[in-house]
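Hi everyone, thanks for coming. Let me put the model up on the screen, and then we'll walk through it together.

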Amino acid sequence: MSNLEKYNEAFIESLDVKEAQLEGLEYQAVPAWDSVGHMGLIAAIEDAFDITMETDDIVDFSSYEKGKEILKKYDVEI
Amino acid sequence: MKIFCFNPAGGNVTFWDELRRYIPEHEMITYDYPGHGSRKREPLCEDIDVIISEIVDEIYRSCRDSDEYVLAGYSMGSIVAVATLKRIIDDKRIEAPQRLLLFAHSPRIGRKDLIDEKEKDQYIKCRILELGGIPDDLINNPIFWRVCFPLYRNDFYMMWNYNMEKLRGVFKIPLSVFYSQQDIPLEEILEWNDFFLGENDYYNYPGGHFFLKKNYLDISKVIGMILR
């Protein structure tokens, strides 16, 4: 599975969204991406890429696109 | 009337959103502690005096001499409200508030020196879980604890650092206390009478520590009546 596929799957599974909804998706834009959903999403991403994110990055992870930028810091290219 | 509202430990200003909808006739002014909510990028602060200084500056900016206002605090926010009241009285820059509204806390704040140093984190975590308020989906989520536990720890330490004993018999302004006997027994809640010597009233609700979330309508009616 490519990094993009893993990344998308984390969003789709955690937030119960479709792939077509991912581009431009932001925190709190869908009901499932609330503070509870956010923690689940981060857990899924950490598991998918075997990384441990810093607290600031978890807090800053505010959109599908922003998440891709943040993951570069962990040597994960999407 | 302006109601300055202070959050529970680990909380942020969104805690008051629902209650705000029920009392639109009053202006609820909320405040995020450093490192919490909208101020999440700032360092946490354990020094309650620093936080009180910020709060009173905001109150002095918001209130003109003739403005009536009250202070409200939920759980640890009650201690912040009381500490703020003390500072306002000492500063003598504006009139004291009309009343305090305290939720879900007695004057007892515990002492961190009574808890074994190595067990403090575990104590705090157990206490947070006992009090409820953590969604079930997050209780076993390591990300949640990694991100949020430092805020809880900071706030517990901040509260533990405050000396409530020096405030016995100090206050004469009216006090209204909202509590749940399922959380704090009445005899402990009534200890506020040792600190506030004026007219105090007490309101009990079912629902444990976060009883507010199950009683917005009733509580808003009481607040409306009290502040009329």
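Let's start with a question: which helices of chain A do the buried residues of α4(A) pack against? Before I answer, some housekeeping. This is a predicted model, so local features need pLDDT of at least 70 and side-chain atom pairs count only at pLDDT 80 or more, while totals for chains, interfaces and linings use all residues. Residues are numbered from 1 along each chain as its sequence is written, chains are lettered from A and ligands numbered from 1 in the order in which they are written, and side-chain values use heavy atoms, with hydrogens and water left out.

Now, the answer: the buried residues of α4(A) pack against α1, α2 and α3 of chain A. Helices here are DSSP runs of H or I, at least four residues, numbered from the N terminus. Helix α4 of chain A covers residues 64–72, and its buried residues are A:Tyr64, A:Gly67, A:Ile70 and A:Leu71. Buried means under 20% relative accessible area, exposed means over 50%, and partly exposed is in between, with a 1.4 Å probe and protein chains only. Those four cover an arc of only 115 degrees around the axis, so they sit on the same side of α4(A). That arc is taken from the directions from the helix axis to the C-beta atoms. As a reminder, an α-helix has 3.6 residues a turn, so residues three or four places apart point the same way.

Next, a loop residue. A:Ala32 lies between α1 (3–15) and α2 of chain A. A:Ala32 counts as partly exposed because its relative accessibility is 31%. Leaving out residues up to four places away in sequence, A:Ala32 touches A:Leu15 and A:Gly37, where contact means heavy atoms within 4.5 Å.

Finally, the partner chain. Chain A brings 12 residues to the contact and chain B brings 11 residues. Together they bury about 930 Å², 70% of it on carbon and sulfur atoms; that is the accessible area (1.4 Å probe) that the two parts lose on being put together, summed over both. On the chain A side, A:Val36, A:Met39 and A:Val59 supply 53% of the area buried against chain B, more than any other three residues.

There are also two salt bridges between the chains, meaning a side-chain nitrogen of Lys or Arg within 4 Å of a carboxyl oxygen of Asp or Glu. A:Glu46 forms a salt bridge with B:Arg146, with the closest N and O atoms 2.9 Å apart.

Definitions and conventions: Helices (H or I, at least four residues) and strands (E, at least two) are DSSP runs, numbered from the N terminus.
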